[in-house]
Structure formats: C-alpha cells, structure tokens
Amino acid sequence: AVSVDAKAFRLADGVECVAWRDGAGVVYAVPSQTDPGDFHLVTDLTRLGLGQGLRCDCVAGVHRQACSHRTAVALRRQRERERERTTQGGQRGGPRG
C-alpha cells in the first residue's frame, strides 16, 4: 500500500486555495484519488478560529484520522513558504535597479 505521505506528495500540485481570510488561505480543494472528477475540502480550523489544525471532509478526515488531503495542503503551504523565502532572499541580495 502507498503511504499517506506518498499520496500527499502526488496531490500537492493539485491543491487550490478556494477561500481566504485576512490574506491567508483557509479552505483548500484537493483532488480526490478515487474519483478524478471530484475533490475534498480541507479547512484550516486554526486560521478560522474554530479549533486546531486542518480538517478534511474525506472519510478518514471526518473520523480525525490521517489523510493524504490534509498532508497535501501542508506540503503545498511549505513549498509556498520556501518559494517566498527564496524570492525575498534573491531580492535583498540581488542588484538594485
């Protein structure tokens, strides 16, 4: 069987933020692995002030078990933070026009 992390890695590129609050993503659409035409919603309870962490509407997520959709959102956010740091670092150290 493929691990949750391996599945999440494949899903991360398909994650789309569909709702924001104060400029930060709070709801994400993540492609379903079992139905290519469907998706799952992952909600950031912390940013919404409704609890802690990420919650997914998939079967595992509803039962508060680990799921690849939540992990995919976390991976996507991590990639975005790394890109921002790289871009900011390049702007500070690069030539000024």
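Helices here are DSSP runs of H or I covering at least four residues, and strands are E runs of at least two, both numbered from the N terminus. The model is predicted.

**Stop 1: two loops**

Select Arg64 first. Arg64 sits in the loop between helix H3 (59-62) and H4. Check its backbone: phi is positive, about 55 degrees, and the residue is not a glycine. Most residues other than glycine have a negative phi. Is Arg64 buried or exposed? Its relative accessible area is 62%, and the cut-off for exposed is over 50%, so Arg64 counts as exposed.

Now jump to Asp22. Asp22 lies in the loop between S1 and S2. Here too phi is positive, at about 50 degrees, in a residue other than glycine. Asp22 is exposed, with 79% relative accessibility.

**Stop 2: the sheet**

Select S1, S2, S3 and S4. They form an open sheet of four strands in that order, S1-S2-S3-S4, with antiparallel pairing. Which strands are at the edges? Strand S1 (16-21) and strand S4 (54-56) are, each pairing on one side only.

Zoom in on S1 and S2. Five bridges join this antiparallel pair. Pick out Trp20 and look across to S2: Gly25 stands opposite.

**Stop 3: the nonpolar core**

Show side chains for Ala8, Leu11, Val15, Tyr28, Val30, Val42, Cys56, Cys58, Cys67, Ala72 and Val73. These eleven residues make up the largest nonpolar core. Colour by element of structure next. Helix H1 (4-11), strand S2 (24-31) and helix H4 (68-93) each supply at least two residues of this core.

Centre the view on Val73. What does Val73 touch, leaving aside neighbours within four places in sequence? Its contacts are Val15, Tyr28, Val30, Val42 and Leu54.

**Stop 4: salt bridges**

Side chains of opposite charge can pair when their charged atoms come close. How many salt bridges does the structure hold? It holds four.

Select Asp44, Arg47 and Arg77 together. Salt bridges link these three residues in a network. Take the Arg77 side of it first. The side chains of Arg77 and Asp44 meet at 2.5 Å, N to O. Arg77 lies in helix H4 and Asp44 in strand S3 (residues 39-44), so this pair ties together parts 33 residues apart in sequence. Both Arg77 and Asp44 are buried.

Turn to Arg47. Its side chain meets that of Asp44 in a salt bridge of 3.5 Å, N to O. Compare the accessibility of these two partners. Asp44 has 3% relative accessibility and counts as buried. Arg47 has 35% and counts as partly exposed.

How far apart are Arg76 and Glu80 in helix H4? Four residues separate them, about one turn of the helix. Glu80 is partly exposed, with a relative accessible area of 32%.

Methods: Residues are numbered from 1 along each chain as its sequence is written. This is a predicted model: local features need pLDDT of at least 70, side-chain atom pairs count only at pLDDT 80 or more; totals for chains, interfaces and linings use all residues. Side-chain values use heavy atoms; hydrogens and water are left out. A nonpolar core is a set of buried Ala, Val, Leu, Ile, Met, Phe, Trp, Tyr and Cys residues joined through side-chain atoms within 4.5 Å. Buried means under 20% relative accessible area, exposed over 50%, partly exposed in between (1.4 Å probe, protein chains only). Contact means heavy atoms within 4.5 Å. Two strands pair if DSSP finds at least two bridges between them.
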